[in-house]
Amino acid sequence: MFRKSISWGVICALLLVLSVGCSSNESSNASTDKPQSSIKPEVKKDPVTLKMQIAEGLIVNKDMVLSMINEFKKVHPEINVELETLPADQRNAKLQTMITTAEMPDIYQLNAQHELTALSNQAGYLYDMSQLEAAKNFSEDVRSGVTVDGKLVVFPTGLGFVGFAYNIPLFESIGYSKPPQTWEELMDAGEKLKAKNVPLLVYAGKWATAIGNVFHWTFGNKGLQDKDFQTAYLTNKVDWAKNRDVLLEGYDRFNKLNKYVLTGSFTYAIEQGFQAFAKGQAAMVLAGTWSSANIDLNNPNFKWGFMNLPYAPEKDNSYVYTIEDGLAINAKSKHLEESKTFMNWFFSKENFAKIIKAKQNMSAMPGIGEVKPVFADTQNWLKSGRVITFANLKPITNPVFIKLAETAQGVTFGGDVNKAADEWIKEYNDKIKK
């Protein structure tokens with residue numbers, strides 16, 4: 001009897017399963033209105049490969065970016081990211097060629113104020129990232145600063161001040177326990193270092209905005225004092241006939257500073273300039289708060305600080321502030337959704353904290369990262385009321401700014417300052433003034 005009861009129980013259970021199965025199939029067929037044989041299994045998509053182009057030092061070095069891409073791959077195995085890195089002085093030329101030949105990568109490096117951004121926009125390659133989840137991580141000021149033609153086009157890798165990294169031991173060796181506080185002290189330091197056969201300054205001449213270094217403060221200080229000049233500068237309408245004295249002042253300052261420059265460094269790439277500085281070949285190099293990791297990589301035990309150029313008395317001197325380069329999405333990408341997925345991941349707060357820690361610079365996301373001690377003074381700069389944001393990039397395009405530096409360099413080697421000014425004013429009027 002016991003065995004029979006088990007057999008009947010098993011039979012009943014099987015009937016129940018079959019009954020449920022039939023009911024389920026009927027329900028499934030009813031819901032799809034298709035015979036069971038026509039339902040196709042889900043097909044896995046082939047992996048997508050995104051192409052990404054950046055400068056080698058955008059986020060410290062290539063290895064840093066590759067490590068992040070590998071982490072992304074663990075979360076999104078269906079998306080490959082093919083990274084191309086170029087020396088900073090070559091990347092812009094390559095990107096310009098890619099824009100004009102319609103061979104754009106899916107993700108690429110840009111600065112919102114650079115002329116290549118305008119060129120990318122004209123060609124239709126700027127995707128509006130304002131609706132991406134990661135966009136919410138940036139402050140309103142940052143979002144406004146990277147908005148072009150109504151589109152949020154760049155997720156920046158940081159913020160920063162343009163200034164000079166300086167060699168603390170070298171300045172101490174000539175009697176300066178803190179960096180020069182006035183232009184006169186800076187010139188005095190140049191003379192004392194020259195007596196020790198040490199240049200005051202090394203150029204990173206292939207960094208377009210480095211070779212005309214003094215003019216950041218020439219134009220910036222004028223903008224603080226004269227709002228009409230600032231407005232004209234920002235709208236590409238400077239009348240240099242009326243502001244010729246400003247230009248001549250810049251040439252004069254450039255000439256004086258250039259007496260103490262490391263010979264040959266006019267042609268240096270950014271990496272070469274930082275390397276020469278970190279090796280003690282010069283006491284200063286034009287840099288930014290984003291340069292910390294690059295300097296430390298060249299000399300981990302280097303004792304250095306960061307200073308504003310003492311161009312004018314403190315109460316009249318400007319602080320040159322900028323939003324760093326970042327990443328943009330190609331609006332014509334065949335893999336737009338995957339590009340958006342990558343950007344949301346890469347610029348999440350968690351990953352951005354890693355970027356800021358590695359770069360050791362000022363964060364573009366509120367509450368993310370800490371200010372490195374070497375940049376502690378910049379927090380007071382932000383509160384000074386003398387921060388200027390237009391002096392180093394927009395609206396003067398890189399070629400025209402380079403032309404300014406070249407004419408200034410000519411004056412340094414004995415050229416006529418008025419002819420140099422006339423030559424550059426013509427360049428400005430032909431290529432900038434509207």
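# Exercises on a predicted protein model

The structure holds 35 aromatic pairs. Keep in mind as you work that this is a predicted model. Let's start with those rings.

## Exercise 1: Rings in a row

Find out how the rings of W345, F346 and F347 are arranged.

**Solution.** 

Step 1. A pair of aromatic rings is described by the distance of the centres and the angle of the planes.

Step 2. Take W345 and F346. Their centres lie 6.4 Å apart, with 45 degrees between the planes, and the pair is tilted.

Step 3. Move on to F346 and F347. Here the centre-to-centre distance is 5.4 Å and the angle between the planes is 65 degrees. Planes over 60 degrees apart count as edge-to-face, and that is the name for this pair.

Step 4. Check the surroundings. W345 and F346 are both buried. F346 has a relative accessibility of 0%, so it counts as buried. F347 is buried as well, with a relative accessible area of 0%.

## Exercise 2: A cluster and a charge

Which residues do ring pairs link into a cluster, and over which rings does R253 sit?

**Solution.** 

Step 1. Look for the linked rings. The cluster consists of Y203, F215, F219, F229, Y233, W240, Y251, F254, F266, W424 and Y428.

Step 2. Now find R253. It lies over the face of W183, 4.5 Å from the ring centre.

Step 3. Stay with R253 and turn to Y311. The charged end of R253 sits over that ring too, at 4.2 Å from its centre.

## Exercise 3: One side of a helix

Which residues of helix α3 are buried, and where around the axis do they lie?

**Solution.** 

Step 1. Helix α3 spans residues 88-100, and its buried residues are R91, L95, M98 and I99.

Step 2. These residues cover an arc of only 100 degrees around the axis, which puts them on the same side of α3.

Step 3. Ask what covers the buried residues of α3. The cover includes β1 (48-55), β2 (79-86), β3 (107-110) and α4 (115-122).

Step 4. Finally, look past the end of the helix. A102 follows α3 and has a positive phi, near 55 degrees.

## Exercise 4: An enclosed strand

Why is strand β7 largely enclosed by the rest of the structure, and which strands are joined to β7 by bridges?

**Solution.** 

Step 1. Strand β7 covers residues 159-167. Nine of its nine residues are buried, so β7 is largely enclosed by the rest of the structure.

Step 2. Recall that strands of a sheet pair through backbone hydrogen bonds, either parallel or antiparallel.

Step 3. Go through the partners of β7:

- β11 (residues 319-323) runs antiparallel to β7, joined by four bridges. V162 has V320 as its bridge partner there.
- β9 (residues 284-288) is antiparallel to β7, with five bridges between them. A165 is bridged to V285 in β9.
- β10 (residues 304-307) is also antiparallel to β7, through four bridges. M307 in β10 stands opposite F164.

## Exercise 5: Buried or exposed?

Are L126 and Q225 buried or exposed?

**Solution.** 

Step 1. Locate L126: it is in the loop between α4 and α5 (140-145).

Step 2. Its relative accessible area is 3%, and residues under 20% count as buried, so L126 is buried.

Step 3. Look around L126. Beyond its neighbours within four places in sequence, its contacts include Y108, L110, V148 and I329. L126 and A328 are 202 residues apart in sequence, while their C-alpha atoms are 7.1 Å apart in space.

Step 4. Q225 lies in helix α8 (residues 213-225). Its relative accessibility is 56%, so Q225 counts as exposed.

Step 5. Compare sequence and space once again. Q225 and N317 are 92 residues apart along the chain, and 9.8 Å separates their C-alpha atoms.

Methods
Residues are numbered from 1 along each chain as its sequence is written. This is a predicted model: local features need pLDDT of at least 70, side-chain atom pairs count only at pLDDT 80 or more; totals for chains, interfaces and linings use all residues. Side-chain values use heavy atoms; hydrogens and water are left out. Buried means under 20% relative accessible area, exposed over 50%, partly exposed in between (1.4 Å probe, protein chains only). Helices (H or I, at least four residues) and strands (E, at least two) are DSSP runs, numbered from the N terminus. The arc is that of the directions from the helix axis to the C-beta atoms. Contact means heavy atoms within 4.5 Å. Rings of Phe, Tyr and Trp (its six-membered ring) pair if their centres lie within 6.5 Å; planes under 30 degrees apart count as stacked, over 60 as edge-to-face and the rest as tilted. A charge sits over a ring if NZ of Lys or CZ of Arg is within 6 Å of the ring centre and within 35 degrees of the ring normal. Two strands pair if DSSP finds at least two bridges between them.
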